[in-house]
Amino acid sequence: MTDSVWRAPGMPALLTMIAAGFSGYAVLLPVAPQWAVTGGADAAGAGLVTGVFMLCTVLFQTFVPAALRRLGWGPVLVAGLVLLGAPSLVHLVSNELGPVLAVAAVRGAGFAVLTVAGSGAVADLVEPARRGRAIGAFGLAIAGPQLVLLPLAPWVAETFGYQWVFLAGALPLVGIVPAIRLARRLHARHTEQAAAAAEAGHVHHVGRAAALRRLIAPVGILLGVTLAGGALITFTPQLTGDAVTVTVGLALFTAMAALSRWLVGGMADRFGTHRLLWPFIVATMTGLALVAWAVTGVGGGADDAAGAPAMDASTAPLLVGLALVGLSYGALQNLTMGEAFAVVPPNQSVFASAVWNIGFDAGSGIGAVVVGMIATGSSFSAAFLVAAAISLATLPLALLRRSSAPSA
């Protein structure tokens, strides 16, 4: 049952740590780019804020598996939470693009630890037969804070002041105590697994190159949908001057993502992850096309981004498009993570987590930068049509025959 997954040893600490970390992530994701816009940045500059954050996340994610092996889970997790949370307060000093980008870079390093270690811990704590539901619970701990905080953060910033959002950005520090508890459980779990493997007398090793080949399909699909999600999260506050539309749109996006990421886990355990991939790719493409239609005529220059007119007839397709992309954004995160763990042996789970998270964050960063640049040179409509075409290009990956993973 799903309840047993939530109560599995180590899962409560993991979920608490993740919820705290992603609370700080969620409040700044739409607000930090807009903070740079108040300092004079255009859409390209706003996109760079998310792009730099994700670039540094991706760069540091490559070092997390080695850091966990050499330093241990406790020190690495604590360092990651500090780097993600504490720099948020530096935003109180300046809204100029340079300092905002510097904060984004440091926070990206902390986010790298949280993402790789967090999803890797799911594979270590829960056996494969219940992994879809465990990933769903993990996803709910990620999406829950985003459901509340991501759509509210821009409104709080505009209504009460940006300083309150920047204080909330330090919430990852609350996750330090559960992180220490999680580290103790993982150490015990790894000791048990090593003893069991030694008693069985076999440990199957798959090289990194072979594991990477197996991960191309799920990570490629993930990159396509996170490119769409990263662009929408970054630029929705700039697509319309109606604060209610922005709040409702981001709430729909995050609600659908949270619900689908949680509920698709049970379906994945029952039917397998592979056969569920392609419908959600189609949903991503359709949602982006609707957003492109809704924002026809909205440019990405500094003036357009800051003062786009409120929408009337185009509000409905914008909201439906955000909901559709949110649906696929959550579901494909669960499904592609499950696929990543399924196609490599258990002793490569942290490596698979690193590669998966690199795909996630690279997609988010690329989406923000590419859509921002195209919008600045042309329009947001053209930019989201390009994002829809990229999503469509990942469809063949969902139709490939899945590689079977050797057992450890």
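This is a predicted model: local features need pLDDT of at least 70, side-chain atom pairs count only at pLDDT 80 or more; totals for chains, interfaces and linings use all residues.
Student: How many salt bridges does a search of the whole structure find?
Tutor: The search finds two.

Student: Why is the contact of R130 with E127 called a salt bridge?
Tutor: The closest N and O atoms of R130 and E127 are 2.6 Å apart. The cut-off is within 4 Å, for a side-chain nitrogen of Lys or Arg and a carboxyl oxygen of Asp or Glu, so the pair is a salt bridge.

Student: What makes R130 buried or exposed?
Tutor: R130 has a relative accessible area of 18%. Buried means under 20%, therefore R130 is buried.

Student: And how is E127 classed, at 34% relative accessibility?
Tutor: Exposed requires over 50% and buried under 20%. E127 lies in between, so E127 counts as partly exposed.

Student: What makes R133 and D269 a salt bridge?
Tutor: Their N to O distance is 2.9 Å, and the limit is within 4 Å.

Student: Which parts does this pair tie together?
Tutor: R133 is in helix α7 (residues 131-160) and D269 is in helix α11 (residues 243-271), so the tied parts are 136 residues apart in sequence. D269 is partly exposed because its relative accessible area is 27%, between the 20% and 50% limits.

Student: How do you know that the span of helix α12 is close to the expected one?
Tutor: Helix α12 (residues 277-294) has 18 residues and reaches 27 Å from first C-alpha to last, against 26 Å expected at 1.5 Å a residue.

Student: What covers the buried residues of α12?
Tutor: The cover includes α10 (208-239), α11, α14 (315-342), α16 (380-393) and α17 (395-399). Among the buried residues of α12 are F280, I281, L288 and V291.

Note on methods:
Residues are numbered from 1 along each chain as its sequence is written. Side-chain values use heavy atoms; hydrogens and water are left out. Buried means under 20% relative accessible area, exposed over 50%, partly exposed in between (1.4 Å probe, protein chains only). Helices (H or I, at least four residues) and strands (E, at least two) are DSSP runs, numbered from the N terminus. The expected span of a helix is 1.5 Å times one less than its number of residues. Contact means heavy atoms within 4.5 Å.
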